[in-house]
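Please keep the sequence and the coordinates at hand while reading.

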Amino acid sequence: MSNLKLLKILNPLLAIAFLVTALSILLSRLGYDLGNAHPTAGLIFIILSLVHFVLNWNWVKLHIFGLKRKAPKAGKQ
């Protein structure tokens, strides 16, 4: 499966994990007891974020670090 297809699945899951994490901390500040919702959602968010980062590593190298792909040497394929 290509990175693009994986990201199309991963990105909505990442957004949902972020929203659940943010909502759970907000509700806990308002006095609601949500049990382990915040730590669990936070852990899922961190794991999905790391997978997202790995899948976008080539973009990070190019745009953040300014590293370009090496062109193949002439005569080699």
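A polar contact is a pair of N or O atoms within 3.5 Å, where, within protein, one must be able to donate a hydrogen and the other to accept it, and where residues adjacent in sequence count only if both atoms are side-chain atoms. By that criterion the side chain of S24 makes a polar contact with the side chain of H38, at 3.1 Å.

The model is predicted, so that local features need pLDDT of at least 70 and side-chain atom pairs count only at pLDDT 80 or more, while totals for chains, interfaces and linings use all residues. Residues are numbered from 1 along each chain as its sequence is written, and side-chain values use heavy atoms, with hydrogens and water left out.

S24 is found in helix α1; helices are DSSP runs of H or I with at least four residues, numbered from the N terminus. Not counting residues up to four places away in sequence, S24 touches L34, A37 and H38, contact meaning heavy atoms within 4.5 Å. Accessibility is classed as buried under 20% relative accessible area, exposed over 50% and partly exposed in between, with a 1.4 Å probe and protein chains only.

| Residue | Class | Relative accessible area |
|---|---|---|
| S24 | buried | 4% |
| I47 | partly exposed | 46% |

Helix α2 spans residues 37–55, and its 19 residues reach 27 Å from the first C-alpha to the last, close to the 27 Å expected at 1.5 Å a residue, the expected span being 1.5 Å times one less than the number of residues. Within α2, A41, G42, L48 and L55 are buried. They cover an arc of only 145° around the axis, which puts them on the same side of α2; the arc is that of the directions from the helix axis to the C-beta atoms. What covers these buried residues includes α1 (3–29) and α3 (57–63), whereas the face turned away from the buried side carries the exposed residues L43, L50 and V54.

The largest nonpolar core has six residues, namely L7, L10, L14, A17, L48 and L55, a core being a set of buried Ala, Val, Leu, Ile, Met, Phe, Trp, Tyr and Cys residues joined through side-chain atoms within 4.5 Å. α1 gives the most to this core, with four residues. Leaving aside neighbours within four places in sequence, L14 is in contact with F45, L48, S49 and H52.

Key:
Helix = DSSP H or I, 4+ residues; strand = E, 2+ residues; numbered from the N terminus.
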